[in-house]
Amino acid sequence: MTFQTILYEEDGPIGTITLNRPDDGNMFTVDMCHEIRDCINEIRRETRTRVIVITGAGDRFFCIGGRKDGMEDTTLYAGVLPTLEMYEAIDRLQKPVIASVNGFAVGGGNVLQVVCDMTIAKESAVFRQVGPMMGSFDAGYGTWYLEDLVGKKKAKEIWFCNPKISAREALEMGMINRVVPDDQLKAATRAFALEAADRGPFALASIKGAFNARHGGVSGLARVAHDLLLRTYLETDESHELSASFREKRKPDPSRFGH
């Protein structure tokens, strides 16, 4: 897969998406948001990879938010940076997604790592939400999911007061999973990803679907019922008999449903 604002590569069961705008803090653009979504949608359709890593190019920035220029001059959706496309794609993907934070994770960049299933960071990484101090805000994933990680009071402090949070502080409050020395981030991220990749992919998909059902409403429940259960059901005697009776225009025989 070839993109303009991101890089994608595979290493055995690990797929890595790299935000590739290091000269601009790896900030989101309209194109990057759509490319990340499109890349994840392609990943969803293959079985080569079992775990996905998201990181930033360079050694200073994971991502420091989004550029709000280049959009239509409208209050409708076309005038809003389409970050939700990225977050929703990560949430819907049946594979675990690990954020490998290689520097500053600020604004939408911090929301991105919060939305990922797990996060590993280098020692010098810094996390921060800055929306209210720079004329912006996040009213969805960045608040609900952050509250799940650190609790309501702490999440409100992070949003209302906008403190800079070190990697160690983020680890202690439960906002991230692991912290490693700066020069070990790449190797430690690979080892972390391989830990998850050694688990059963269907089991991991089921667990992720169960977590997401809490916030996903009908969509979250459908991910469990449709994506995980339907294929198995289609192989049952019950499904086969009902399908055959419908084709043959006869009443189904319940004795052939199986147990």
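**Exercise 1.** Work out which strands helix 3 lies across, and at what angle it runs to strand 6.

*Solution.* Start with helix 3, residues 108-115: it lies across strand 4, strand 6 (104-106) and strand 8, and runs at about 95° to strand 6. Helices (H or I, at least four residues) and strands (E, at least two) are DSSP runs, numbered from the N terminus. The angle, on a 0 to 180 degrees scale between N-to-C directions, uses axes fitted to C-alpha atoms, for helices over the stretch in contact, where contact means heavy atoms within 4.5 Å.

Before going on: this is a predicted model, where local features need pLDDT of at least 70, side-chain atom pairs count only at pLDDT 80 or more, and totals for chains, interfaces and linings use all residues. Residues are numbered from 1 along each chain as its sequence is written, and side-chain values use heavy atoms, leaving out hydrogens and water.

**Exercise 2.** Find the strand order of the open sheet of 4 strands.

*Solution.* Step one: the order is 4-6-8-9, with mixed pairing (two strands pair if DSSP finds at least two bridges between them). Step two: strand 4 (61-63) and strand 9 (165-166) are the edges, each pairing on one side only. Step three: strand 8 (residues 126-128) runs antiparallel to strand 9, joined by 2 bridges, and Phe127 sits opposite Ile165 in strand 9.

**Exercise 3.** Check how many disulfides the whole structure has.

*Solution.* Searching for cysteine sulfur pairs within 2.5 Å gives 0 disulfides. Take Cys39: the nearest cysteine sulfur, in Cys116, is 13 Å away. Cys39 counts as buried because its relative accessibility is 0%, with under 20% as the cut-off (1.4 Å probe, protein chains only).

Technical notes
Buried < 20%, exposed > 50% of the residue type's maximum accessible area, 1.4 Å probe, protein only.
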